[in-house]
Amino acid sequence: MKFEVTILGSSSSTPIFNRNPSAQLLNVNEKFILIDCGEATQNQLLHFGLKANRIDHIFISHLHGDHYLGLVGLLSSLHLNGRTKPMDIFGPPELKEIIDLQFKHSQTFLRYPLNFNITNSTASEKLFENFDIVVESFPLDHRISCTGFRFTEKQRLRKMIKEKIQELSIPAEKVQYIKKGESFTDKNGRIHKAEDLTTEADRPKVYVYCSDTICSWKYLDFIRDSDTLYHEATFLHDMHARAEETFHTTALQAAEVALKSNAQKLIIGHFSARYRELDPLLQEAKTIFPNTFLAIEGLTFEI
């Protein structure tokens with residue numbers, strides 16, 4: 001199953017140095033999920049050849065403009081391009097008021113249903129579930145209400161041993177039943193247990209998105225054991241006082257979070273406009289957590 005994230009925006013409050021505000025596109029088994037939608041997100045989708053109409057779910061972490069100001073434009077473009085299938089949006093309750101007001105005064109009547117789901121910034125909860133994935137939210141510690149998101153693959157079926165299919169002449173229509181645990185009876189009447197014909201399925205992978213937050217450790221239990229952790233790293237650690245004042249995190253602190261939460265891989269982003277070059281932030285994080293990567297726009301990371 002494909003499970004990967006493409007970075008669309010990695011700047012903090014303002015676009016600068018060819019970096020755009022926060023947005024990421026998660027590909028889950030060829031189904032698209034948009035995480036935050038800063039200004040110019042739809043331009044980035046076009047730039048990287050990603051079809052916006054394949055997005056069916058949008059998760060907005062909080063209502064600072066660099067995380068949602070591209071949303072109304074994206075929704076409008078989908079309407080103008082003839083979208084008819086529903087769009088599910090998950091975000092703070094005030095976001096619905098903002099969207100409704102924009103469309104009211106532009107006299108825009110969407111061709112497609114917009115299903116709004118309110119997130120809770122005070123407790124963790126399950127937001128969404130389908131055949132492929134479970135999405136949970138958790139509270140972050142920012143200047144305004146803010147949530148992070150945890151995306152967990154569903155447990156897959158056991159893997160068929162290909163050699164057994166040929167050896168026992170197993171019909172294709174029987175394979176799914178065997179993967180689900182059913183025994184198979186061969187042409188000689190011998191019964192073969194499913195566990196002898198299959199191997200364990202891969203462990204479900206987890207992607208965690210930590211949007212804007214001070215490094216308070218309060219959210220550590222919600223993000224443990226991720227395969228890939230995205231964590232904001234707005235400043236270098238010599239600016240930790242400024243980070244605390246603005247309820248943000250330093251690159252060093254993001255690395256400490258990754259280490260303490262037992263993440264396998266760390267992606268840092270939400271870079272301050274004060275930094276033209278990003279390598280110092282990467283190197284700082286790597287002193288604590290070597291398997292760290294920069295959220296460079298256009299890069300795709302396999303979870």
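Predicted model: local features only at pLDDT ≥ 70, side-chain atom pairs only at ≥ 80, totals over all residues.
Student: Which residue has a side chain joined to that of Arg203 by a polar contact, and at what distance?

Tutor: Leaving aside neighbours within four places in sequence, Arg203 is in contact with Glu153, Asp225 and Asp227. Among these, a polar contact joins the side chain of Arg203 to that of Asp227, and its length is 2.6 Å.

Student: Is Thr228 buried or exposed?

Tutor: Thr228 belongs to strand S15, which spans residues 228–232. Setting aside neighbours within four places in sequence, its contacts include Val206, Tyr207, Val208, Lys265 and Ile267. Because buried means under 20% relative accessible area, and because Thr228 has a value of 0%, Thr228 counts as buried.

Student: Which backbone oxygen does the side chain of Thr228 reach?

Tutor: Glu302 and Ile303 are both among the residues in contact with Thr228 once neighbours within four places in sequence are left aside. At a distance of 3.4 Å, the side chain of Thr228 reaches the backbone oxygen of Ile303.

Student: Which element gives the most residues to the largest nonpolar core?

Tutor: The largest nonpolar core has 31 residues, and Cys210, Ile223, Leu229, Ile268 and Leu281 are those with the most contacts inside it. At least two residues of this core come from each of strand S14 (206–210), helix H8 (251–260), strand S16 (266–269) and helix H9 (279–286). With 5 residues, the element that gives the most to this core is H8.

Student: How many residues make up the other core, which lies apart from this one?

Tutor: Ala23, Leu34, Leu50 and Ile89 are among the residues of that other core. Its count is 25 residues.

Student: How many polar residues are in the lining of the second largest pocket?

Tutor: This pocket, with about 270 Å³ of space, is lined by 17 residues, of which Ser12, Ser13, Thr246, His248 and His270 lie nearest its centre. Its lining has 2 nonpolar and 5 charged residues, while the polar residues number 10.

Terms used
Residues numbered from 1 in each chain as written. Heavy atoms only, no water. Core = buried A, V, L, I, M, F, W, Y, C linked by side-chain atoms within 4.5 Å. Buried < 20%, exposed > 50% of the residue type's maximum accessible area, 1.4 Å probe, protein only. Helix = DSSP H or I, 4+ residues; strand = E, 2+ residues; numbered from the N terminus. 1 Å grid on protein atoms, 1.4 Å probe; cavity = no way out; pocket = protein on both sides within 12 Å on 5 of 7 lines; lining within 4 Å. Points joined across faces, edges and corners; volume = space filled by probe spheres on them. Nonpolar A, V, L, I, M, F, W, Y, C, P; charged D, E, K, R; others polar. Contact = heavy atoms within 4.5 Å. Polar contact = N/O pair within 3.5 Å; in protein donor to acceptor, adjacent residues only side chain to side chain.
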